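I'll talk through one structure, going from the whole chain down to a single residue.

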Amino acid sequence: MKPLDQRFEATWADLLPVGRDTRSGGYRRFAWTGPDAEMRAWFSDQAHSRGLTYECDGNGNQWAWWGTPGPGAVVTGSHLDSVPSGGAYDGPLGVVSAFLAVDELRGRGVQPVRPIAIVNCVDEEGARFGVACIGSQLLTGALSAEKARQLYDADGITVAEAMRTAGADPNDLGRDETILERIGAFVELHVEQGRGLTTMNAPVGVATSIWPHGRWRLAFRGEANHAGTTRLADRRDPTLAFAAAVLAARDAAETHGAVATMGKAHITPNGANAIPSEINAWLDARAGDDTVLERMVNAVEEAATKAATDHGTTVDVTRESYSPAVMFDEALRDRIAAALGDVPVLPTGAGHDAGILSAHVPSAMLFVRNHTGVSHSPSEHADDEDCVAGVQALSTVLEELACT
């Protein structure tokens with residue numbers, strides 16, 4: 001068997017062309033699209049080439065089993081979809097590392113006493129349908145099948161329609177007790193989305209918690225009119241309330257030591273010489289605890305409502321998704337940290353499938369150093385040597401949890 005660094009380089013290279021925008025260098029691997037199908041085919045090929053048992057559950061999550069699927073399984077993996085113009089590492093690094101970690105154990109002649117499974121959770125980013133972690137939320141019942149089927153993308157295509165086009169049956173969506181009963185522990189490896197490990201001068205770390213976070217849609221409505229002939233006093237321009245909300249989000253985040261972003265907006269009719277009739281914008285907010293997060297969102301809503309009233313427009317605020325604070329299983333975290341030799345432990349503001357699953361099964365996360373701290377961008381990067389260290393750490397964890 002070739003050295004691990006060569007095997008990582010070769011396996012990683014298989015995915016680099018899929019869904020890549022040659023202009024920006026970023027990736028567009030949205031759920032139930034052509035690039036997503038290529039990524040899913042790669043997962044299936046990786047499973048079969050290793051003689052692993054492959055299956056896809058009713059929610060579209062892919063599984064590769066070493067050993068007979070059953071209770072007490074140690075599960076690892078992540079996701080293969082991306083945000084718009086996203087980086088290469090967010091998600092796929094965890095899946096690639098999982099397959100290579102299994103190879104490492106086999107190369108050492110280690111045999112698991114509990115099943116080991118690798119998972120690709122479908123639509124973690126929520127880039128197409130607006131709700132994050134759809135696959136894991138459906139698996140656990142946190143998202144209902146009825147609501148999921150009705151979610152729609154920017155072109156009005158629903159999840160149900162997209163699944164049918166991709167050859168999947170949306171009638172199979174929903175909480176899966178059989179799968180949940182199999183999982184004894186879930187460990188997700190992920191590139192760090194920040195510079196914590198760089199500051200600590202460590203290639204790998206263990207997560208302690210995930211900040212509470214959510215997404216809110218703000219629908220600003222006014223009156224379309226001519227930009228050149230309509231007096232300011234006669235305008236009902238929703239852009240003014242939208243601008244107030246953007247500034248309020250920044251102010252609230254600074255006040256509370258948190259983060260808030262309005263990075264997505266749809267403007268109607270979206271003409272340079274037209275006053276908009278409607279703006280739909282999305283607020284992403286994250287904070288150290290649920291109380292602070294609620295205060296932040298309330299501050300944004302109040303500012304948007306006041307500005308809308310002042311300028312003769314309206315605004316409706318709808319919470320589209322919400323994840324409360326997650327504290328990862330302490331016993332599992334401490335066992336993993338001890339197996340790895342007292343590595344750094346640190347929190348994260350990013351949501352993950354491990355956070356969804358943690359409410360139902362013991363869950364943990366490993367982070368791989370990202371020297372730039374950049375994520376959700378083509379500039380996202382992890383050095384090969386750190387990625388290899390991540391594979392080695394994951395194989396050690398799997399041996400500790402599944403082979404002893």
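A word on terms before anything else: helices (H or I, at least four residues) and strands (E, at least two) are DSSP runs, numbered from the N terminus. Also, this is a predicted model, so local features need pLDDT of at least 70, side-chain atom pairs count only at pLDDT 80 or more, and totals for chains, interfaces and linings use all residues. Residues are numbered from 1 along each chain as its sequence is written, and side-chain values use heavy atoms, with hydrogens and water left out.

We've got 13 helices and 15 strands in the protein. Its radius of gyration is 22 Å, close to the 22 Å from the globule rule for 404 residues, so the protein is as compact as a globular protein of that length. That's over C-alpha atoms, and the rule is 2.2 Å times the number of residues to the power 0.38. The C-alpha trace spans about 80 × 45 × 40 Å along the principal axes.

Now let's zoom in on Ala-224. You'll find Ala-224 in the loop between β7 (213-221) and β8 (225-226).

What does Ala-224 touch, leaving aside neighbours within four places in sequence? Ile-275, Pro-276 and Ser-277 are its contacts, where contact means heavy atoms within 4.5 Å. Gln-193, on the other hand, sits 31 residues away along the chain, with 40 Å between its C-alpha and that of Ala-224.
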